[in-house]
Amino acid sequence: MTEEQARHFAEVWMSAWNSHDLDAILNHYAPDVEFVSPFVQKLFGDSSGTVRGRERLKEYFRNGLQAYPLLRFELRRVLIGVGSITLYYLSVNGLLAAETMVFDRAGLVREVRVHYCKP
């Protein structure tokens with residue numbers, strides 16, 4: 001992934017989230033995505049912190065958008081890896097987030113790991 005491609009992905013991804021467009025958000029994810037986040041524990045009550053599959057992810061994201069109706073992300077950095085990127089951004093409740101996304105061959109996100117800290 002080039003720097004330009006990574007930056008474009010990040011901008012489109014952020015725009016989808018900031019517009020609260022659930023379908024646009026989900027368009028980035030593979031059908032068999034695995035998503036791991038501390039917020040899964042909070043919003044789903046799942047101690048594993050893991051959501052598997054795009055349909056279940058849709059439910060999780062819907063819950064998140066309802067729980068945080070004023071949600072707005074603010075991109076800070078885009079880090080590029082091999083077949084992956086990490087987005088560093090200001091998230092809900094003023095938390096800093098680092099979200100690492102691994103892409104499949106079709107360019108869809110197949111694996112996500114999200115990390116948070118207070119600034």
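How many bridges join S1 to strand S2, and in which sense do the two strands run? There are 3 bridges between S1 and strand S2 (residues 50-52), and the two run antiparallel. For those who are new to these terms, helices (H or I, at least four residues) and strands (E, at least two) are DSSP runs, numbered from the N terminus, and two strands are said to pair if DSSP finds at least two bridges between them.

Before I go on, please keep in mind that this is a predicted model, in which local features need pLDDT of at least 70 and side-chain atom pairs count only at pLDDT 80 or more, while totals for chains, interfaces and linings use all residues. Residues are numbered from 1 along each chain as its sequence is written, and side-chain values use heavy atoms, with hydrogens and water left out.

Let me stay with S1, which covers residues 29-36. On the S2 side, Val36 stands opposite Thr50. S1 also pairs with strand S6 (residues 109-117), this time in the parallel sense and over 4 bridges, and here Phe35 stands opposite Val112.

If we leave aside its neighbours within four places in sequence, Pro31 is in contact, meaning heavy atoms within 4.5 Å, with Gly53 and Arg54.

S3 and S4 form a hairpin with 3 residues between them, and in its turn Gly83 has a positive phi of about 70°. S4 and S5 pair in the antiparallel sense too, over 7 bridges, and the bridge partner of Tyr88 in S5 is Ala98.

Is S4 enclosed or open? S4 is largely enclosed by the rest of the structure, because 5 of its 7 residues are buried.

Asn93 has a positive phi of about 55° although it is not a glycine, and at 62% relative accessibility Asn93 counts as exposed. His20, in the loop between H1 and H2, likewise has a positive phi, of about 60°, although it is not a glycine, but His20 counts as partly exposed, at 27% relative accessibility.

Another histidine, His28, is found in the loop between helix H2 (22-26) and S1, and at 10% relative accessibility His28 counts as buried. Which residues surround it? Leaving aside its neighbours within four places in sequence, His28 is in contact with Phe9, Val12, Trp13, Ala16, Leu108 and Val109. The side chain of His28 also reaches the backbone oxygen of Ala24 at 3.2 Å.

A cavity is found on a 1 Å grid over the protein atoms alone, as a set of points where a 1.4 Å probe fits but cannot get out, and its lining residues have an atom within 4 Å of a point. By this rule the count comes to 1 cavity of 30 Å³ or more. About 210 Å³ of space lies in the largest cavity, where the volume is the space filled by probe spheres set on the points, which are joined across faces, edges and corners. Of the 19 residues that line it, the closest to its centre are Trp17, Tyr60, Leu71, Phe73 and Tyr116.

Helix H1 (3-18), S1, helix H3 (38-44), helix H4 (54-67) and S6 each supply at least two residues of this lining, and the largest share, 4 residues, comes from H4. By class, the lining of the largest cavity has 16 nonpolar, 2 polar and 1 charged residues, where Ala, Val, Leu, Ile, Met, Phe, Trp, Tyr, Cys and Pro count as nonpolar, Asp, Glu, Lys and Arg as charged, and the others, Gly among them, as polar.

Note on methods. 1 Å grid on protein atoms, 1.4 Å probe; cavity = no way out; pocket = protein on both sides within 12 Å on 5 of 7 lines; lining within 4 Å. Buried < 20%, exposed > 50% of the residue type's maximum accessible area, 1.4 Å probe, protein only. Polar contact = N/O pair within 3.5 Å; in protein donor to acceptor, adjacent residues only side chain to side chain.
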